[in-house]
Amino acid sequence: MTLIPPLPVAVPLLVAALLVGAGPFVRRRVADPVAIATAAATTVLTALLFAQAADHPLVYWFGGWTPRDGVVVGIDFAVDRTGAALATLAGFLMTSALIFTWRYFEAVGTLFHALMLVFLAAVLGFCLSGDLFNLFVFFELLSVAAYALAGYRSEDPRSLQGALNFAVTNSVGGFMVLSGIALLYGRSGSLNLAEIGRALEREPVDGLVVVAFVLLLTGFFVKAAVVPFHFWLADAYAVAPAPVCILLAGVVSELGLYATVRVYWTAFAGVLGPHAAGLRGVLLGAAALTALLGALMCYLQQHLARLLAFATVSHVGLTLAGIALLQPDGLAGALLYLLADGLVKAALFVCVGVVQHQFGTIDERDLHGRGRGRTFTFGMLLLGGLALAGLPPFGTFLGKALMEDAASRAGHAWVAWLFVVASAVSAAAVLRAGLGVFTGWGVPAGSRADGPDQPEAEASRSGSGRAPDGSRPPATMVAPAAVLLLATLALGLAPGLAGWAQTAATSLSDHRAYAAAVLDGVTSKAPAVAAPALHLPETLPPAVLTVVLAVLLAAVPARRPHTRGRRRKVAWRGVLRATLALRRLHSGQVGDSIAWLVVGAAGLGGLLTAVLR
Amino acid sequence: MTKEGSAISLLPHLVAVWLLAVGLYGIVTSRNLVHMVTCLAVTQSSTYVLLLTIGYRAGGTAPIFLDVPVGTRAVDPVVKALALTDVVVGATVSALLLALAVQVHKRHGTLDPEELRALRG
């Protein structure tokens, strides 16, 4: 039996509508299991779709409007390995998040569940769509659901502020995408990705193509939170309820990167292919900036959700570095890393959610040493931190090793160092926080590090039902962390996964085969490509170095160093001032966020105009 | 495209760019959340103008093919559908943001985004 691709999108939408309609009559006892069952069923459907798309892309035309002589008249879903894999990840994370939600909120209406399911449906549609405009619609649908979810605790003013920043910045990003789509439609007369790719390829690059590409890239980078489009992210994460954070960190950033990959390789690869070297430089620069700034900001945070938010930014940078190589080897690594990293981030947010539920705050300083005896949560947080650093054999290690290998073969050996530094620093921040909260290691409570006024701990506790100190967290809250980490481990240990990713990346980056499958209905079985063999003696040292660095950085208490001698004092003051200035940039103001977006778009436009001519 | 055609089609493009620039400037400098949401709507209207410009055919009628001879010149119906979808998206986002603004006013007693300084660093 073959499954029709739109089914996984339709099921959660339908159940969400039923939940809203029956809202006044449905008790929470009913809403929780219904939502969880729907998410689980959808995950099974996406997994089936994934199995069916293993050999060749599945193309589904709505209403049977297949293309006539290579000219598109309908709207399609084009499902390949990559899209189906991401869809399965999204379903899995949603199921975990909903199970976590069960005991997290004391009181929550059915609207929350409905919003979660709408979000899931939009994400799946986004992963499976082969039509640029439908991509945009699903993009907006998932965004609107996410804004509402981020500001769900509307009784908390901070929550409103974070949601506002999130919504305005992402809406402007959405307008950019739409303008880019309009320009592409004007040029190619089509909204189908494959057809746009063929039309653009007929002519050399010109101003219109560059402007459209910049507009689309800006919109997707806002979603992925690439520096300097990332300002909304930490604010949204800091205020969103923990189950929503699980999805924001695990799915939304990932989708921004996926959209970049999908649109580049279907629509632009043909026309921009000859200029790949210049484009690679620009993207690698953005990746390095994102990875380093994210890691540094991560290390400076004391609010656990903000800390993980900046860790997400940093790892988006790392994944982008793999994509920026613009060839299948790097893409295969990036794809694996995307999946593994999403799982790890979700597991870490589950731990943070448990901490918030237990202690009513997620400020590292207020929590100092209060988590003693919570061995399980501590263990999960520790393992998550190590997985973030890429400890073998977690899936993050495999993805990172593949990307490093591809980068060094492409002549960018420095990328390996970028990986070591960025993942060591961001993982160190997580490990430091874990050690401080659960063992009382490091700076004692009460000594607040100098910095601008921190979000008040009191405000971050609102909403979630707070358990009295000493009671155990319910199993439905801690178990998802373990399951997610096990899944990451499975990604690293599954035999042949590197080869699977390589094949997926090869078919994803073959825009001619994609166009032939969609437009001409010629689906050839994707050739199995062997992954480049990883030599452990070469890939292991950077991984070990990263983990050791992370542990060292975490274990050394952040203390003012001995500043004997005037010169050292001056240097130290300079460092403090620089970090302070960096933190001031993250003002949480919508206006600043948009200003940076404009600066980033202009910069991207200038650079790409320079390299694509 | 004829010469006068290009002169006509340049103006709406400029209008779209102008609306985008003005809207973004308004958001960046806004001191009132309702004003900010309106500016966001202005920014979005640049996408409407751009879409309709791209689908415009000189001398074309509305794309309603009833009681007109075959081969009548009409403007592109696809962009109309896109613009309509865009309007729906815009209405949703504006409604949500205004609801958030109302909540901010209830809890904070202010609509000035500069006074919302809880999230920093």
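**Notes on chains A and B**

1. Helix α15(A) is followed by Gly411(A), whose phi is positive, near 90°. Helices (H or I, at least four residues) and strands (E, at least two) are DSSP runs, numbered from the N terminus. The model is a predicted one, in which local features need pLDDT of at least 70 and side-chain atom pairs count only at pLDDT 80 or more, while totals for chains, interfaces and linings use all residues. Residues are numbered from 1 along each chain as its sequence is written, and chains are lettered from A and ligands numbered from 1 in the order in which they are written.

2. In α15(A), 13 of the 15 residues are buried. Here a residue is buried if 20 or more other C-beta atoms, placed from the backbone, lie within 10 Å of its own, exposed if 12 or fewer, and partly exposed in between.

3. One joins Val227(A) and Pro228(A), with omega about 0°; Pro228(A) is in the loop between α8 (207–224) and α9 (231–239). Another runs from Pro392(A) to Pro393(A), with omega near 0°, and Pro393(A) is in the loop between α14 (375–389) and α15. Most peptide bonds are trans.

4. Asp69(A), in the loop between β1 (58–61) and β2 (76–79), has a positive phi near 50°. Because Asp69(A) has 6 C-beta neighbours inside 10 Å, it counts as exposed. Leu326(A), in the loop between α12 (304–324) and α13 (328–359), has a positive phi near 60°. Leu326(A) counts as buried, because 21 C-beta neighbours lie inside 10 Å.

5. How many residues of chain B are in contact with chain A? There are 34, and they meet 43 residues of chain A; contact requires C-beta atoms, placed from the backbone, within 7 Å. On this side of chain B, two or more residues each come from α1 (3–29), α2 (33–55) and α3. Helix α3(B) gives the most, with 13 residues.

6. Ala101(B) is in α3(B), residues 77–108, and counts as buried because it has 20 C-beta neighbours inside 10 Å. Beyond its neighbours within four places in sequence, Ala101(B) is in contact with Leu33(B), Val34(B), Val37(B) and Leu111(B).

How values were computed
Contact = placed C-beta atoms within 7 Å.
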